[in-house]
Amino acid sequence: MSDPKKALGEALSIPKIRLDQAVRNSEIKARKMSYGKDSKQYLLYFDPVGSIKRRVIVYIHGGGWMTGSPNRYRHIGRTFADMGYHTISLGYRLAPIYKYPAQAEDIFAAYSKGLQFLMKKKVPVDQVVVVGSSAGGHLGGILVYDTNMQKKFDVDASAFKGLVSLGGVMSFDADFPQTTQMMIDSLFEKKYDRKQAEPISMVRASHKTRVLCIHAQNDPISEVDNQKQFVDRVNMLNKDFAQSMIIRDENVFHSNLVVGVFLQDPEESNPLKVLFRWIESLPV
C-alpha cells in the first residue's frame, strides 16, 4: 500500500516539474525521425556540443507505459547532448491500446533506425549506454537483455556497455502500490507470461553490461525493492557489475528524480554527477 505522505509529495512536485519542462523544451530543437505509421513511432536525435564523447546515449522515456513521448522530454535528451554525447531518444506506442510486446518491438525498431542514422554520420556505435526513466527503465532493460528481440531486429548486444535505470520497474514481483499495479496490468493481456517481459528474469551471466540503478527511497510509484532485487541478481551473476544509488532526501519522490533531476545543473546535482562519472568510468 502506498504511503499517503509519499503520494502527496509526489503530487505536489509535478506542477513545477511540468512548468520547468515547458520552459526548457521551448528552447530545444532536435531532429525527428519516424520509423512507423503511429504518431508515437518516432525518435529524436540531439547533436552533441563541446568536447564530443565516444559513447552514444540511448534514452527511453517513462510515463507508466501509458503517457509520454520523446518530444515531452526533450530537455533530457539535450542534457546528455550538452555533456558531449550523441543522443537518441526513443518513442513507442502506448498502453492500454497497444499491449506488450508492442512497446518492446517499437524500442528495437527505433533503436535500429537511430543506429543506422548515426552510422551514416560516421559516428561509432560500439559504445552504447541505455538510460531509462521509470517505465523507460523497464524498456531499457528489455533492449539490453531480450535476446529473442535482439535476434529478430539484428541488434548487436555487445555494444551495450551500460544500462541506467532511474526509478525503473525491473521486476514485476515487488509489492507495488495499487495505482502502479493497475498500470502494469494495463500493459499486458490477461494471460501473458510476465516473466517474458521483466529484465530481472532475462539477465544472464553471459551479459556483460554494467548497471547503475538510481532510486528514491520515498518513491511512491516504483517500489525501491524492485531495483534492489535487480541489482542483487546482476551482481550474483557477475560480481560488482551493478551499482545502486538510493536517494534518501525526504523531498525526492518519483517524478522529481526520474524527470526533474535533468532540470538541474549537472555540476551541482549529486545524482547527475554520479551518473555522468559512472558513464565515463565504464570499461571500453
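# Structural briefing: sheet, cores and aromatic pairs

The structure is a predicted model, in which local features need pLDDT of at least 70 and side-chain atom pairs count only at pLDDT 80 or more, while totals for chains, interfaces and linings use all residues. Residues are numbered from 1 along each chain as its sequence is written, and side-chain values use heavy atoms, with hydrogens and water left out.

**Nonpolar cores**

- Tyr 111 belongs to the largest nonpolar core, which has 56 residues; Tyr 111, Trp 65, Leu 90, Val 130, Leu 143, Tyr 145 and Phe 230 touch the most other members.
- Helix H3 (residues 102-120) makes the greatest contribution to this core, with eight residues.
- Another core, of 29 residues, lies apart from it and includes Val 129, Leu 166, Val 258 and Leu 263.
- A nonpolar core is here a set of buried Ala, Val, Leu, Ile, Met, Phe, Trp, Tyr and Cys residues joined through side-chain atoms within 4.5 Å. Buried stands for under 20% relative accessible area, exposed for over 50%, and partly exposed for values in between (1.4 Å probe, protein chains only).

**The sheet**

- Eight strands form an open sheet with mixed pairing, in the order E1-E2-E4-E3-E5-E6-E7-E8. Helices (H or I, at least four residues) and strands (E, at least two) are DSSP runs, numbered from the N terminus; two strands pair if DSSP finds at least two bridges between them.
- Strand E1 (31-34) and strand E8 (242-247) are the edge strands, each pairing on one side only.
- On average, neighbouring strands of the sheet are turned by 20° against each other, direction ignored. Axes are lines fitted to C-alpha atoms, for helices over the stretch in contact, and angles run from 0 to 180 degrees between N-to-C directions.
- Five bridges connect strand E3 (residues 56-60) with strand E5 (residues 128-133) in the parallel sense; Val 56 stands opposite Val 128 in E5.
- Helix H2 (residues 74-82) packs on the sheet and touches strand E2 (42-46), E3, strand E4 (86-90) and E5, its direction making about 35° with that of E2.
- H3 also packs on the sheet, where it touches E1, E2, E3, E4, E5 and strand E6 (160-166); its direction makes about 155° with that of E4.

**Strand E7 and its partners**

- Six of the seven residues of strand E7 (residues 210-216) are buried.
- E6 and E7 run parallel and are joined by five bridges, with Cys 213 in E7 as the bridge partner of Ser 165.
- E7 and E8 pair in the parallel sense over six bridges, and Ala 216 stands opposite Ile 247 in E8.
- A right-handed β-α-β unit is made by E7, helix H8 (residues 224-237) and E8. Right-handed denotes that, with the strands pointing away from the viewer, the path from the first strand over the helix to the second runs clockwise.

**Aromatic pairs**

- Rings of Phe, Tyr and Trp (its six-membered ring) pair if their centres lie within 6.5 Å; planes under 30 degrees apart count as stacked, over 60 as edge-to-face and the rest as tilted. By this rule there are 12 aromatic pairs.
- The pair of Tyr 59 and Phe 262 is edge-to-face, because the ring centres are 6.3 Å apart and the planes stand at 70°.
- Tyr 59 lies in strand E3 and Phe 262 in the loop between helix H9 (255-258) and helix H10 (270-281), so this pair ties together parts that are 203 residues apart in sequence. Tyr 59 and Phe 262 are buried.
- The rings of Tyr 85 and Phe 276 are stacked, because their centres are 6.3 Å apart and their planes at 15°.
- Tyr 85 is in the loop between H2 and E4 and Phe 276 in helix H10, so the pair ties together parts 191 residues apart in sequence. Both Tyr 85 and Phe 276 are buried.
- Tyr 59, Phe 80, Tyr 85, Phe 262 and Phe 276 are linked into a cluster by ring pairs.

- Helix H4 (residues 135-145) is largely enclosed by the rest of the structure, because 11 of its 11 residues are buried.
- H2 is likewise largely enclosed by the rest of the structure, because eight of its nine residues are buried; among them are Arg 74, His 75 and Phe 80.
- Gly 84 follows H2 and has a positive phi, near 100°.
- Thr 180 lies in helix H6 (residues 178-187) and counts as buried at 2% relative accessibility.
- Leaving aside neighbours within four places in sequence, Thr 180 is in contact with Pro 220 and Ile 221. The C-alpha atoms of Thr 180 and Ser 222 are separated by 7.2 Å, with the two residues 42 apart along the chain.

Notes. Contact = heavy atoms within 4.5 Å.
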